[in-house]
Amino acid sequence: MTTFNEFGISEGVLKAISLMGFEEATPIQEEAIPVALAGGDLIGQAHTGTGKTAAFGVPLAERLQTNLSAIQALVVTPTRELAVQVAEELNKIGQFMGVRTLPVYGGQDIGRQIRGLQKRPQIIVGTPGRLLDHIRRGTVRLDSVKTVILDEADEMLNMGFIEDIEAILQETPPERQTLLFSATMPRPIQQLAQRFMKDPKVIAVRSKEVTVPNTEQFHMVMDERQKFDILCRLLDTQSPALAIVFGRTKRRVDELNEALSKRGYSAEGIHGDMTQARRDTAMRQFKEGIIDILVATDVAARGLDIEGVTHVYNFDIPQDPESYVHRIGRTGRAGKSGVAITFVTQRELSHLRVIENGTKRKIPRESIPTIKEAIEGQQRLTVDRLLSTLETEDTTHYLPLATEMLSEQDPTQLLAAALKLLTKEPDTTPVRLTAEGPQWSKRSSYQQRPNQNNRRGGSSSNKPYAGNRDRNRRPKR
């Protein structure tokens, strides 16, 4: 496990990625960032959702000269959605370094883009057709570009953009640094690399084929605003002995821990900003069953091996298949069964497909429990506790009082009152959490357009369709 502190990057970049919730580098980031920081060319072969944007975004923020007003870096993407996503991510990474990124893509008013270009951004993220349009108009000049990134190169090949990419690269200085990222490496991409790159280092990161046979896996689709209430319903319905709730960021963990505690659940949170003593205390309480819900970030829970964890709830969808496998592997251990449920918003469904492909396992959809089902679950739990007390505890001292009450009250009504008193009914008090969508987003997830992928600082796009292209053309075969 490599943290971003180990790359020797500046405080401004470290602060930015910390605010974005990153704690450890993904495999592609771990291998690519040092090469890119050193100025070398790079071919990164990795699937979507593996953190590719931060793999080139962190070096860009470090190496750019913010006192120069010329375009110093160019990122070429296959679709307008991806261009917007990458630009948002790069603006976040460079927010404390004075780095400005502008997306340019077909379908947006070109006049608006020209006005944005007049503000002298250091990084341009664009689709091939619109980039060529700006080059021909003279509104984009690439003679000062020091770094070019080709993101999702195989998708651009599938969409027929390979000639456009070559034309764009010819407009850049030959001494530039070139980084190419692609899930696959078909021959035309290899030929492109041979023609335009200088001794590139090849980094191949593939998702591991991992199965978790003893863990039932499901996903539930919901709005971001529904997540917390649905989590509470699941806790009430399923009554886990020990459960881990995974949140994307440290802030999310703190908010969830506080909200669960206010609703009467026995919870504690752990993340990288907590002192080791506090984390040790939380872990000890969880292992001993003093608390039954642990809220954690990925890095804080890495390596946890706690017996008896029956449920894992992915409150925020994992950032890549490896993170998913790591999370759900906290349950279903030592031959015991477990349940893992992943919360997914509509626009994260494509990222769920990435996880399914990476783990080579279908994650079926499960219906969301109703409030009525949550109440029934708590009633069953109360009955179980009552019967367990009858079987295992000495109730001798309570018998005289029970006999007296039964002589005065209807036994059925009295038992019903006791069950009502002991049953924890669902709390519907409104709880406001930070509306965290996928980390590249500046808006809350339920405000975003559907069908955008979740990204961990990485590249991700939907399958191409005609509306995504800069021009109407048939993909080349």
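1. How many bridges join strand β5 to β6, and do they run parallel or antiparallel? In this predicted model, β5 (residues 147–150) and β6 are joined by 4 bridges, and the two strands run parallel. Within this pairing, L150 is the residue that stands opposite L180 of β6.

2. Strand β6 also pairs with β1. The link between β1 (residues 42–46) and β6 consists of 4 bridges, with the strands again parallel. Here I43 has L180 as its bridge partner in β6.

3. β6 spans residues 177–182 and is mostly covered, with 6 of its 6 residues buried. Buried here means under 20% relative accessible area.

4. The side chains of β6 fall into two sets. Q177, L179 and F181 point one way, while T178, L180 and S182 point the other way. Both sets are buried. In a regular strand, side chains alternate between the two faces of the sheet.

5. As for the whole chain, the model contains 17 helices and 13 strands. Of the 477 residues, 54% are buried. The accessible surface is about 21,800 Å², and carbon and sulfur atoms account for 49% of that surface.

Conventions: Residues are numbered from 1 along each chain as its sequence is written. This is a predicted model: local features need pLDDT of at least 70, side-chain atom pairs count only at pLDDT 80 or more; totals for chains, interfaces and linings use all residues. Side-chain values use heavy atoms; hydrogens and water are left out. Buried means under 20% relative accessible area, exposed over 50%, partly exposed in between (1.4 Å probe, protein chains only). Two strands pair if DSSP finds at least two bridges between them. Accessible areas come from the Shrake-Rupley method with a 1.4 Å probe; for residues, only the protein chains shown count as cover.
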